[in-house]
Amino acid sequence: MMKAGTYYIGDLCYVMSDRWDEFCSLTCSGNNVLDGEFNLADGTRFATFTTKYGDGTYRDEQGNEYPVDAGLIGCINVKDITPSELENLSSGRVIEFVQDFSTFSAGGVLRFGSVCIDTDAEELEEEEDEIY
């Protein structure tokens with residue numbers, strides 16, 4: 001569960017590069033990348049989920065784009081992003097959550113509260129092609 005606040009949603013490599021080593025030590029286990037919610041040693045909480053097809057550009061249910069270079073999309077409270085990384089907020093979306101919210105991933109669909117990003121859109125396109 002993530003606490004209410006103003007969050008960046010996008011590829012976390014753009015806003016956590018100064019803490020990327022610690023990020024990877026928490027989210028990588030051998031050849032596996034772990035999904036879920038994590039805490040850095042300084043108490044910074046973030047959520048991260050791998051995308052279905054790795055790098056690329058994905059869209060949420062409103063058509064907003066999320067460029068991905070690290071094969072993941074996550075969220076972190078804007079107040080926990082270091083000043084040197086704040087200039088990268090435009091690589092994702094900044095959203096205010098007025099209540100605590102859940103995050104999860106299922107079948108390539110990533111959810112951050114009310115934000116839903118389908119990273120398996122190719123499957124949807126194939127299904128639409130079969131209908132017509």
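1. 5 strands make an open sheet, ordered β7-β6-β12-β11-β10, with antiparallel pairing. Strands here are DSSP runs of E, at least two residues, numbered from the N terminus. Two strands pair if DSSP finds at least two bridges between them. β7 and β10 are the edge strands; each has a single partner, so one side of each lacks a neighbour in the sheet. From one strand to the next the twist averages 25°, with axes fitted as lines to C-alpha atoms and angles running from 0 to 180 degrees between N-to-C directions.

2. Basis. This is a predicted model, in which local features need pLDDT of at least 70 and side-chain atom pairs count only at pLDDT 80 or more, while totals for chains, interfaces and linings use all residues. Residues are numbered from 1 along each chain as its sequence is written, and side-chain values use heavy atoms, with hydrogens and water left out.

3. Strand β12. Antiparallel pairing joins β12 to β6 (residues 56–60) over 2 bridges. Asp60 has Ile117 as its bridge partner in β12. β11 and β12 pair over 4 bridges, again antiparallel, and Val109 stands opposite Asp118. These two strands form a hairpin with 2 residues between them; Gly113, in the turn, has a positive phi of about 60°. Val115 and Ile117 point one way from β12, Cys116 and Asp118 the other, and all are buried (under 20% relative accessible area; exposed is over 50%, partly exposed in between; 1.4 Å probe, protein chains only).

4. The cores. The largest nonpolar core has 17 residues. Such a core is a set of buried Ala, Val, Leu, Ile, Met, Phe, Trp, Tyr and Cys residues joined through side-chain atoms within 4.5 Å. Ile9, Ile73, Cys75, Phe97, Phe112, Val115 and Ile117 have the most contacts inside it. Strands supplying at least two residues each include β1 (5–10), β8 (72–77), β11 (109–112) and β12 (115–118). Apart from this core lies another, of 15 residues, among them Val15, Met16, Leu40 and Ile81. Leaving out residues up to four places away in sequence, Ile117 touches residues including Ile9, Tyr58, Ile73 and Phe112; contact means heavy atoms within 4.5 Å.

5. Thr103 sits in β10 (residues 103–106). β10 and β11 pair antiparallel over 4 bridges, and Phe112 in β11 is the bridge partner of Thr103. Thr103 counts as buried because its relative accessible area is 12%. Its side chain makes a polar contact of 2.6 Å with that of Glu37 (N or O atoms within 3.5 Å, one able to donate a hydrogen and the other to accept it; residues adjacent in sequence count only if both atoms are side-chain atoms). Among the other residues that Thr103 touches are Met2, Ala47, Phe49 and Cys75.

6. Aromatic pairs. The whole structure holds 7 aromatic pairs. Rings of Phe, Tyr and Trp (its six-membered ring) pair if their centres lie within 6.5 Å; planes under 30 degrees apart are stacked, over 60 edge-to-face, the rest tilted. Phe97 and Phe101 are stacked, at 3.9 Å centre to centre and 20° between the planes. Both are buried. Ring pairs also link Trp20, Phe23, Phe38 and Phe46 into a cluster.

7. Ala4. This residue lies in the segment before β1. Ala4 is partly exposed, because its relative accessibility is 34%. Asp100 is 96 residues away in sequence, yet its C-alpha lies 4.4 Å from that of Ala4. Ala4 also touches Asn77, Phe97, Val98 and Gln99, among others.
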